[in-house]
Amino acid sequence: MKVKELIHQTEEKLKKTIEFVNRNFAEVRTGRAHPALVEGLHIDYYGTPTMLKQIAQISVPDAHMLQISPWDPSAIPEIEKAILKSNLGLTPSTDGKVIRLTVPALSKERRQELVKLVHKMAEDGRISIRTIRHEAKEQLEKWQKDKVITEDDKFRSLDEIQKLVDKYSAKIEEILKVKEKEVLEF
């Protein structure tokens, strides 16, 4: 019973790692406008750090423009400040009710930098997966040493965990290829 629970917990942690990598990839600018570029920005909204997507509608009128329509127009200066402080390299323009962000095409050098960044993010995900596997392995070895499980149970469980690790590592490679292609597109 304990072993199945450990395997289930391990898979849940692996899923969270994939979600984390996907979230990080979504924040990498590719030359195309996408709401994920800015929706996670934290705005100082009446003294409370609030995510942009909670206080404004973010739309994409065309491939190179984002439009942010705050529900409370008094938040516009704070939204502009947060955009300028972020490392997106975007300059907001406003008409008093709406903020527009033009997403310029990326230079070849910037694309190469972004590919390196995406590879580093993927490697961080792989490291996290290996750490999760290591923790599960240590737990199984402890249980075997304490005679909670047999040696056969330990090896069977380690095989199951390795299959999960291989599956989720392959998912990271898959999303890495997609993101790399997206970044390198002209």
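Author: Helix 1 (2-26) and helix 4 each supply at least two residues of the lining of the largest pocket in this predicted model. Of these contributions, the one from helix 4 is the most that any element gives, namely 5 residues. The lining as a whole is made up of 20 residues, and those that lie nearest the centre of the pocket are Ala26, Glu27, Val28, Leu37 and Leu88. If you sort the lining by class, you find 11 nonpolar residues, 2 polar ones and 7 charged ones. The space in this largest pocket comes to about 420 Å³.

For helix 4 (108-145) and helix 5 (151-184), the angle is about 170 degrees, and the axes are 10 Å apart. Because angles over 145 degrees count as roughly antiparallel, helix 4 is described as roughly antiparallel to helix 5. The contact of these two helices, sorted by class, has 15 nonpolar, 7 polar and 10 charged residues.

Lys116, which lies in helix 4, is 64 residues from Glu180 in sequence, while the C-alpha atoms of Lys116 and Glu180 are 9.2 Å apart. Lys181, which is found in helix 5, is 66 residues along the chain from Val115, and the C-alpha atoms of Lys181 and Val115 are separated by 9.1 Å. Both lysines can also be placed by their accessibility: Lys116 counts as exposed because its relative accessibility is 63%, and Lys181 counts as exposed because its value is 57%, the cut-off for exposed being over 50%.

Between helix 4 and helix 5 there is a loop, and Lys147 is found in that loop. Lys147 has a positive phi of about 65 degrees, although Lys147 is not a glycine. With a relative accessible area of 72%, Lys147 is exposed.

From the helices we can turn to the sheet. Strands of a sheet pair through backbone hydrogen bonds, and the pairing can be either parallel or antiparallel. Here an open sheet of 4 strands has the order 3-4-6-5, and the pairing is antiparallel. Strand 3 (56-62) and strand 5 (92-94) stand at the edges with a single partner strand each, so one side of each is left without a neighbour in the sheet. From one strand to the next, the twist averages 25 degrees.

On one side, strand 4 (residues 65-70) pairs with strand 6 in the antiparallel sense over 4 bridges, and the bridge partner of Gln67 in strand 6 is Arg100. Strand 5 also pairs with strand 6 (residues 99-102) in the antiparallel sense, over 3 bridges; in that pairing Ser93 stands opposite Arg100, and Thr94 stands opposite Ile99. Strand 5 and strand 6 form a hairpin with 4 residues between them, and Gly96 in the turn has a positive phi of about 100 degrees.

Strand 1 and strand 2 pair in the antiparallel sense over 4 bridges, and His42 has Met51 as its bridge partner in strand 2. Tyr46 is found in the loop between strand 1 (42-45) and strand 2 (48-51), and the phi of Tyr46 is near 50 degrees, which is a positive value in a residue other than glycine. Tyr46 counts as exposed because its relative accessibility is 65%.

Note on methods. Residues are numbered from 1 along each chain as its sequence is written. This is a predicted model: local features need pLDDT of at least 70, side-chain atom pairs count only at pLDDT 80 or more; totals for chains, interfaces and linings use all residues. Side-chain values use heavy atoms; hydrogens and water are left out. Buried means under 20% relative accessible area, exposed over 50%, partly exposed in between (1.4 Å probe, protein chains only). Two strands pair if DSSP finds at least two bridges between them. Axes are lines fitted to C-alpha atoms, for helices over the stretch in contact, and angles run from 0 to 180 degrees between N-to-C directions. On a 1 Å grid over the protein atoms alone, a cavity is a set of points where a 1.4 Å probe fits but cannot get out, and a pocket is an open set with protein on both sides within 12 Å along at least five of seven lines; lining residues have an atom within 4 Å of a point. Grid points are joined across faces, edges and corners, and a volume is the space filled by probe spheres set on the points. Ala, Val, Leu, Ile, Met, Phe, Trp, Tyr, Cys and Pro count as nonpolar, Asp, Glu, Lys and Arg as charged, and the others, Gly among them, as polar. Angles under 35 degrees count as roughly parallel, over 145 as roughly antiparallel, 65 to 115 as roughly perpendicular and the rest as oblique.
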